[in-house]
Amino acid sequence: MNGVLLLDKSVGITSSAAVQRVRRLFRAQKAGHTGTLDPLATGLLPICFGEATKFSHILLDADKSYVATIRLGITTRTGDLEGEVTGRQEVRAGREEIEHVLKSFVGEIQQIPPMFSALKRDGQPLYKLARAGTDVPRAPRRIVVRKLELRAFTGDELVLFVTCSKGTYVRVLAEDLGHLLRCGACLAGLRREGVGNFRLEDGAVTLETLEYMTLAERDALLLAEDVLVSSLPRLDLDSPAALRVSQGQSVTHSAAATSGLARIYGPRGVFLGIAEVKEAGRIVPRRLIAKASATAAHRASIA
């Protein structure tokens, strides 16, 4: 079973648990997600089945978009409302000051990952160390915030739209914002609206909806594997070239002028996988789907 499902994850469930429930509903042997959402967060969680898991890294590296609700005047151990409250302060900031401070976060910035995260130190997840009361130094990491818009502001609560690079912790953005506003802040809610080229409105479904569907209805929701690499340039190969590529050999292609990754297809539009374009139009296969070999061999035999 191969394909991609756009799941609208509900609050209170981990991404791993959501994947396992979906895997059982589809009776799939192999499944994985394309970027963790905390239990507090809801929204878009693309899930890959079978051969599609070979290309999930494309979305892991893609930009993400969120709607974040931030509570001003409160700080917590975890950076969100699920953690123990560590401080309360009066909120004096107005809309004009908030919008001015938000501008300082747009662009390339350095962010220190939170202790309550899955990052590891000496093989131990940081969140386990944090639960034991241990705080260890964390090196700042480069992230990019491409868009940060104030959508609503009522009293002590902000609603922001965020588009950011991989590795961004919106909880830390909330905490840093609260620090600059001199009142403290934490994340009150988070909904992921986009991953790469995918959006919630592209047909994402909830677990509850899936559970009431038949297996055939669920299968009809699956997207083809190549949707994960739709942002890459496309190269179409003839039967002999498709066969060689499917066997792990390099070929040359007159249209392969730009170096970098490309999605490759055989005759009749059969998706083969992704390859790297080298000098002089040389195509080197990088990740291929298993069924492509058999299909390419069959096409070549009858050509």
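**A salt bridge joins the side chains of Glu51 and Lys54, at 2.9 Å from N to O.** Here, a salt bridge is a side-chain nitrogen of Lys or Arg within 4 Å of a carboxyl oxygen of Asp or Glu. This is a predicted model, so local features need pLDDT of at least 70 and side-chain atom pairs count only at pLDDT 80 or more, while totals for chains, interfaces and linings use all residues. Residues are numbered from 1 along each chain as its sequence is written, and side-chain values use heavy atoms, with hydrogens and water left out. Now for how much of each partner shows: buried means under 20% relative accessible area, exposed means over 50%, and partly exposed is in between (1.4 Å probe, protein chains only). Glu51 has a relative accessible area of 16%, so it is buried. Lys54 has 26%, so it counts as partly exposed.

The whole structure holds 14 salt bridges. Because Glu108 belongs to strand E7 (residues 107–111) and Arg142 to strand E10 (residues 141–154), the pair ties together parts that are 34 residues apart in sequence. As for the naming, helices (H or I, at least four residues) and strands (E, at least two) are DSSP runs, numbered from the N terminus. Glu108 and Arg142 are both exposed. Elsewhere, salt bridges link Glu276, Lys278 and Arg286 in a network.

**Arg234 has its charged end over the ring of Tyr265.** The distance from that charged end to the ring centre is 3.7 Å. A charge counts as sitting over a ring if NZ of Lys or CZ of Arg is within 6 Å of the ring centre and within 35 degrees of the ring normal. The side chain of Arg234 also meets Asp236 in a salt bridge of 3.0 Å, N to O. With a relative accessible area of 39%, Arg234 is partly exposed, and Asp236, at 41%, is partly exposed as well.

**Phe55, Tyr265 and Phe271 make up one aromatic cluster.** Rings of Phe, Tyr and Trp (its six-membered ring) pair if their centres lie within 6.5 Å; planes under 30 degrees apart are stacked, over 60 are edge-to-face, and the rest are tilted. That rule gives three aromatic pairs. Tyr265 and Phe271 form a tilted one, with 5.4 Å between the centres and 50° between the planes. Both Tyr265 and Phe271 are buried.

**Strand E1 (residues 3–9) is largely enclosed by the rest of the structure, because seven of its seven residues are buried.** Look at either face of E1 and you find it covered: Gly3, Leu5, Leu7 and Lys9 are buried on one side, and Val4, Leu6 and Asp8 on the other. E1 pairs with strand E3 (residues 42–49) in the antiparallel sense, over seven bridges. Two strands pair if DSSP finds at least two bridges between them. Leu7 has Leu45 as its bridge partner in E3.

**The largest nonpolar core has 46 residues.** A nonpolar core is a set of buried Ala, Val, Leu, Ile, Met, Phe, Trp, Tyr and Cys residues joined through side-chain atoms within 4.5 Å. Val22, Phe26, Ile70 and Leu177 have the most contacts inside the largest core. Helix H1 (residues 15–26) provides the largest share of this core, five residues. Another core, of 19 residues, lies apart from it and includes Ile58, Leu59, Leu200 and Leu228.

**Val159 sits in strand E11 (residues 157–164).** At 22% relative accessibility, Val159 is partly exposed. Thr69 is 90 residues away from Val159 in sequence, yet the two are 4.5 Å apart in space, C-alpha to C-alpha. Leaving aside neighbours within four places in sequence, the contacts of Val159 (heavy atoms within 4.5 Å) include Val67, Ala68, Glu149 and Leu150.

**Strands E17 (residues 271–277) and E18 run antiparallel, joined by five bridges.** E17 and E18 form a hairpin with four residues between them, and Ala280 in the turn has a positive phi of about 55°. Gly273 stands opposite Leu288 in E18. E18 (residues 282–288) also pairs in the antiparallel sense with strand E15 (residues 251–252), over two bridges. There, Val251 has Ile283 as its bridge partner in E18.
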